[in-house]
Amino acid sequence: IFSFEDFSKLESHIEDRKATKMYEMLRVNLVSFIVNFLQFPNTSEDDILNVAATLDTNCFEVFLPSKLVKVRGIYPKAAMMAHDCRPNTKHCFDDNFEMKVFATTAIKKGEMILTSYTHPLKSTIERRLGLKQAKCFDCLCSRCKDPTEMNTFASSLICSVCGGVLTS
């Protein structure tokens, strides 16, 4: 449960989003649905799009395998955690849709608490593209900047002829 005060602290990136095809579709479909079908005639287009943008920027994908459920949820305090493709936390959800955050390494006092906004097994190109589209930023973490992905070569191709490695 969160308050509107918590929600108002979250970033929307509305100006970046307004220029996309997705937000043009939201302008046509979502705004009309809320104003006309749900009968909120005094709600402005800008307010509706700003709420949608805030949700898109800050939501988490919630997977509940026990219920075969995949939804998106807003967790304002967790949304304030910084992103890194090498996070020092992991998060999961219980059957009540409550987010649990666990440290995966020792976190010193004053050190940033980091989470990943994307799936760690995706390639650098996939992670960076997804973050740009969904969260409106270019990831410049140490993993994304390293073509070997910290010597894991997770996004690399191995040549079937010579065995050489092609990094991104």
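How many residues does H4 have, and how far does H4 reach from its first C-alpha to its last? H4 has 14 residues and reaches 20 Å, close to the 20 Å expected at 1.5 Å a residue. That expected span is 1.5 Å times one less than the number of residues. Helices here are DSSP runs of H or I with at least four residues, strands are runs of E with at least two, and both are numbered from the N terminus.

A word on the model. This is a predicted model, where local features need pLDDT of at least 70, side-chain atom pairs count only at pLDDT 80 or more, and totals for chains, interfaces and linings use all residues. Residues are numbered from 1 along each chain as its sequence is written, and side-chain values use heavy atoms, without hydrogens and water.

Back to H4. Its buried residues include Ile48, Leu49, Ala52 and Ala53. Buried means under 20% relative accessible area, exposed over 50%, partly exposed in between, with a 1.4 Å probe and protein chains only.

Now the loop between helix H3 (21-37) and helix H4 (45-58). Leu38 sits there. Leu38 is partly exposed, at 40% relative accessible area. Gln39 is in this loop too. Gln39 counts as exposed, at 63%. Its phi is positive, near 60 degrees, and Gln39 is not a glycine. Most residues other than glycine have a negative phi.

On to Met150. Its phi is also positive, about 65 degrees, and Met150 is not a glycine either. Met150 lies in the loop between helix H7 (142-145) and strand E7 (157-158). Met150 is partly exposed, with a relative accessible area of 31%.
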